[in-house]
Amino acid sequence: MWVTGVKGRVTYANVVFVSVIGFLCDEIMGQPHNLVRHPDIPKEAFVGLWKTPQDGESWSALVKNRCKTGDHYWVRAKAAPMCFDN
């Protein structure tokens with residue numbers, strides 16, 4: 001699992017996710033989420049990923065991502081709006 005902020009930059013990644021993608025945690029923190037976007041998946045496929053949570057709804061899709069080695073993995077990606085009290 002990983003978490004991104006509203007601008008799509010990685011703010012958290014657990015050890016399982018990091019071990020699957022092959023990047024070090026330091027290599028992905030603060031990086032754009034599309035760091036793992038596989039070239040087979042066009043950018044346009046992620047329009048709903050950003051628009052749906054901004055509209056207050058959850059988004060989910062099967063996504064092909066890439067590892068640091070260039071290999072790939074499939075994941076059920078989910079995005080949901082989050083609210084935090086200050």
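Read along the sequence, the protein chain runs β-β-α-α-α-β-β, which comes to three helices and four strands. Helices here are DSSP runs of H or I of at least four residues, strands are runs of E of at least two, and both are numbered from the N terminus. The radius of gyration of the protein chain is 13 Å, close to the 12 Å that the globule rule gives for 86 residues, so the chain is as compact as a globular protein of that length. That radius is taken over C-alpha atoms, and the rule is 2.2 Å times the number of residues to the power 0.38.

A word on the basis of these values: this is a predicted model, in which local features need pLDDT of at least 70 and side-chain atom pairs count only at pLDDT 80 or more, while totals for chains, interfaces and linings use all residues. Residues are numbered from 1 along each chain as its sequence is written, and side-chain values use heavy atoms, with hydrogens and water left out.

Along its principal axes, the C-alpha trace spans about 35 × 30 × 20 Å. Of the 86 residues, 28% are buried, meaning under 20% relative accessible area with a 1.4 Å probe, protein chains only.

Which residues form the largest nonpolar core? There are eleven: V10, A13, F17, V18, I21, F23, I28, L35, V36, C67 and Y73. Such a core is a set of buried Ala, Val, Leu, Ile, Met, Phe, Trp, Tyr and Cys residues joined through side-chain atoms within 4.5 Å. Two elements, β2 (10-13) and α1 (15-21), each give two or more residues to this core, and α1 provides the largest share, three residues.

One member, C67, touches V20, I21, F23, H72 and Y73, leaving aside residues up to four places away in sequence; contact means heavy atoms within 4.5 Å. A second, separate core has seven residues, including F46, W59, V63 and A77.

Finally, please find H33, in the loop between α2 (25-28) and α3 (47-54). Is H33 buried or exposed? Its relative accessibility is 19%, so H33 counts as buried. The contacts of H33 are W2, T4, G8, L49 and W50, again not counting residues up to four places away in sequence.

Notes. Buried < 20%, exposed > 50% of the residue type's maximum accessible area, 1.4 Å probe, protein only.
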